Each structure stands twice: as C-alpha cells, then as structure tokens.
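Subject: Structure for you to look at

Hello,

I am passing on the structure we spoke about. My notes on it follow below.

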Amino acid sequence: MKWIFVLGLVVLSVLSLNDDNWVRANAATSFTFAAAGDFGQNANTNASLIRLAASGASLFLALGDFSYRNGSSENHWCGIVRSHVGQNYPFELLAGNHEDGEEIRPPDGYIGNYTICMPNQIGPIVGDYGREYYFDYPAVNPLARFILISPGLNFSEPNGKSDFYNYDNGSSHYVWTASTIDGARSGSIPWVIVGMHKVCLSAGMFECHIGAYLSIRPDIIQLLIEKHVDLVLQGHDHNYQRSKQLNCVTAEQFQNSASSTVAQTAFTTAVQAQSSS
Amino acid sequence: MHLSEPDAEYFAKFMAPNVNGVEYGFVKYTVSTDGIRAQTNFDGSFQDSFQIGNSGILRTVQQFFYDNYMLTGAIVLVVMVGTLTIFLFTRRKRHNGKVPKQAGDLPSSQP
C-alpha cells in the first residue's frame, strides 16, 4: 500500500505544477512573444489585435501581407494596429509579397512606408528593418535570436529601385543568414528563431515560393535545417500548419527524421492569417 | 489544405477551411532556457500546442501524467480512498485503545 501513497504524492505534486507555475518559476529567464501573418483590416483583424493586446506577449512578429488594400493604405493600417496595441508596443514588421512593390500590382502599400508609420520598437537591431534584420531578446543575457529574412521577395520601391532577395547558396543574403545563425551559437544564445513570409514546405494553396523557380530544395531551407534552427515561422498561406520535428527536408519527398541524432530540433510553423483576404 | 500531397506528411497539425475550419488569430510562444512552448490563440475552438527543447525530467513526468489522464485519475482515486481508509482505520484503533496517542502513553517496560 505504501508505494501507492508515494506514487500518488508524486502525481499530485507533479500535477500541482501547472503551466502558470512553470512560467512563473522561470519568470526571470523567460519571455513570451506572438506571431502571425496576412492581416487585412476588417473585423477579424480587430478581434485578433484585441486578443493580442490582452495576451501579455512582450513582442509581436508581423510576418508580411498587411493591409491588402492598394493606394496609400499604409498609414491607415498602422493606425488600426496602434489603436489596439498601443503606440510603443514592439509590433515588428517583416515584408510580404503584397508590399514588396513588385509582385502585386498595384502593391498594397510599400514596406518602406510601413516601416515609417510602424518603426522598430524592440531596441537595437542589425540589418534592414522590414526586409532582413535580426535582434536578440532580451537585450541583456538574450534567450533568443530572431532572424527575419525575405526569400523570394523582389523589393521595388516607388523610386524605381528594384532588389530581388536571392538566398541561393553563396549569395550575400545566404551568407548573411548563415553568419547570423553562427553568431548566435558562438554567443551561446540558447534559441534561434527565423521568420519569413513565403513558404516552401506546405500542404496549403501555395507551392514552394522560395529559391529558384520550382525548386524543391531551396538552399535557404536546407541551411536552416542543417544549422538546426530551432523554430521557423512563416505566413503567406492563410492557414495554420505545424510541422513535426525536422532535420532533413526535401519538398515533395517526406523523410522521417526519427532515426537522426541531431542535437537540436527544427520546427516549421506556418501561422494562420488574421484575415482571409 | 491538400492532405494527399507529399508535403502534408511533414506536418502534425492543420487548420484550414477544409480541416478544422477557418479561424483567426496568432500563436503565442513562451521562450525559456528550457525550451520554447507554443500555444495557438484563435477565435474559435481549434487549439494546438507544442514544445521544443529539453523539458527536463519533471516536465517529462508531468507530460506523461497529462497524456495518460485515465491512469492519473485512477491513481489519484486509489490514493484518496487509501488515505481515507487508513485514516479511519487508525482512528478506530485509537478509539479502541490499541494505538497510543503519545510516546508518554507507552506502557512502561519496568515491572
């Protein structure tokens, strides 16, 4: 009978450590953030922003496709967001194909204008805010490095300047991403989180939109897997898809990773849109 | 969502018009030295959560009991019934004078 008591006490003790207790116990060494893509400006957007404001998330990653309205829609959309989350909340932007100025004609605003009305609020960043940048969080003794990149986007500003963000092996963007991941590892930052707008692995409406045309093994996705990036966040597909733990990836050719011995895990998460536009 | 296409095998959970319906919201992540914990925050009934990283023995044990709630419930029930039974049994013995209440009440070994 005694062993049942002991086991029971263990069970009750373990169950008493609920999620809130776990988070509270790590309060000094934990933080929360939230992420989504594909927003729009409608009742669903407002409802999501209201819940975000109440969520307690320390920062938000907006993974592209913001207003879905062409013709100087940037300020209006920024105003909607700010009215819900506050003027100084770190609502960090990353461009989608609707605001890169090239793919959608006419574009639903330009990322260069969005970053003016919704500037970086997180503190120091390295790179080009809205297009390709990273930051460590918290700033002191960081737990995570957030790396935001734009594979497959072709930025074209109103002044005619065009810049395709190529992440093929050897390109400047590929090298930048690789060295930024390496920097996090050498700096002993526990977690590396990468965000981008477009997807490659997906069972949704889009095929692989990253890398060379119809590529099934984009270099940048291979890089993230090989370097054991811990979490990959994407938008674009207007749904929610959460991957298994992956350590080898070839689109259209599922390979079970169960037998691998990699030290880190890599997840791919495509987050659901706030709008069905 | 095209669940029959090869890429679908990579995924553990879906939410789309033809799978679990259309909902709107975001995913909230808690980052600590131990891991990254994710919890969806949508406007409907769909929910997903997952964790990445080393959760430690305690979290593993906790997750086991959460995942096996029938077993957990049975263990808790047995413990409660056992506690009550032993409490009543001990109280009855005391009432009958078979169990001393305090050390001072022990019968002396001296003649």
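How many bridges join β1(A) to β2(A), and in which sense do the two strands run? There are four bridges, and β1(A) and β2(A) run parallel. One of the facing pairs is Ala36(A) opposite Ala62(A), the latter in β2(A). Please keep in mind that this is a predicted model.

The sheet

β1(A) and β2(A) belong to an open sheet of six strands, ordered β3(A)-β2(A)-β1(A)-β2(B)-β3(B)-β4(B), with mixed pairing. At the edges are β3 of chain A and β4 (49-52) of chain B, each of which pairs on one side only. On average, neighbouring strands of the sheet are turned by 20° against each other, direction ignored.

The two chains meet in this sheet where β1(A) pairs with β2(B), in the antiparallel sense and over six bridges. Ser30(A) stands opposite Ser32(B) of β2(B) there. The next pairing, between β2(B) and β3(B), is also antiparallel and has seven bridges; Tyr29(B) stands opposite Ala38(B) of β3(B). These two strands of chain B form a hairpin, with three residues between them.

Is β2(B) largely enclosed or open? Eight of its eight residues are buried, so β2(B) is largely enclosed by the rest of the structure.

Helix α3(A)

α3(A) lies across β1 and β2 of chain A and also across β2 and β3 (36-42) of chain B, and it runs at about 20° to β2(B). Just after the helix, Gly56(A) takes a positive phi of about 85°.

Helix α6(A)

α6(A) spans residues 172-186, 15 residues in total, and reaches 21 Å from first C-alpha to last, close to the 21 Å expected. The buried residues of α6(A) are Thr177(A), Ile181(A) and Ala184(A). Seen down the axis, these fall within an arc of 60°, so they line one face of the helix. An α-helix has 3.6 residues a turn, so residues three or four places apart point the same way. Exposed on the other side of α6(A) are Ser172(A), Ser179(A), Asp182(A) and Ser186(A). The buried residues pack against β6 (144-148), β9 (191-195) and α7 (219-226) of chain A.

Gly101(A)

Gly101(A) is in the loop between β3 (91-94) and α5 (111-117) of chain A. Is Gly101(A) buried or exposed? It is buried, because 28 other C-beta atoms lie within 10 Å. Leaving aside neighbours within four places in sequence, Gly101(A) is in contact with Pro107(A), Tyr110(A), Phe155(A), Ser156(A) and Glu157(A). Between Gly101(A) and Asn166(A) there are 65 residues of separation in sequence and 16 Å in space, C-alpha to C-alpha.

Regards

Notes: Residues are numbered from 1 along each chain as its sequence is written. Chains are lettered from A and ligands numbered from 1 in the order in which they are written. This is a predicted model: local features need pLDDT of at least 70, side-chain atom pairs count only at pLDDT 80 or more; totals for chains, interfaces and linings use all residues. A residue is buried if 20 or more other C-beta atoms lie within 10 Å of its own, exposed if 12 or fewer, and partly exposed in between; C-beta atoms are placed from the backbone. Two residues are in contact if their C-beta atoms, placed from the backbone, lie within 7 Å. The expected span of a helix is 1.5 Å times one less than its number of residues. The arc is that of the directions from the helix axis to the C-beta atoms. Two strands pair if DSSP finds at least two bridges between them. Axes are lines fitted to C-alpha atoms, for helices over the stretch in contact, and angles run from 0 to 180 degrees between N-to-C directions.
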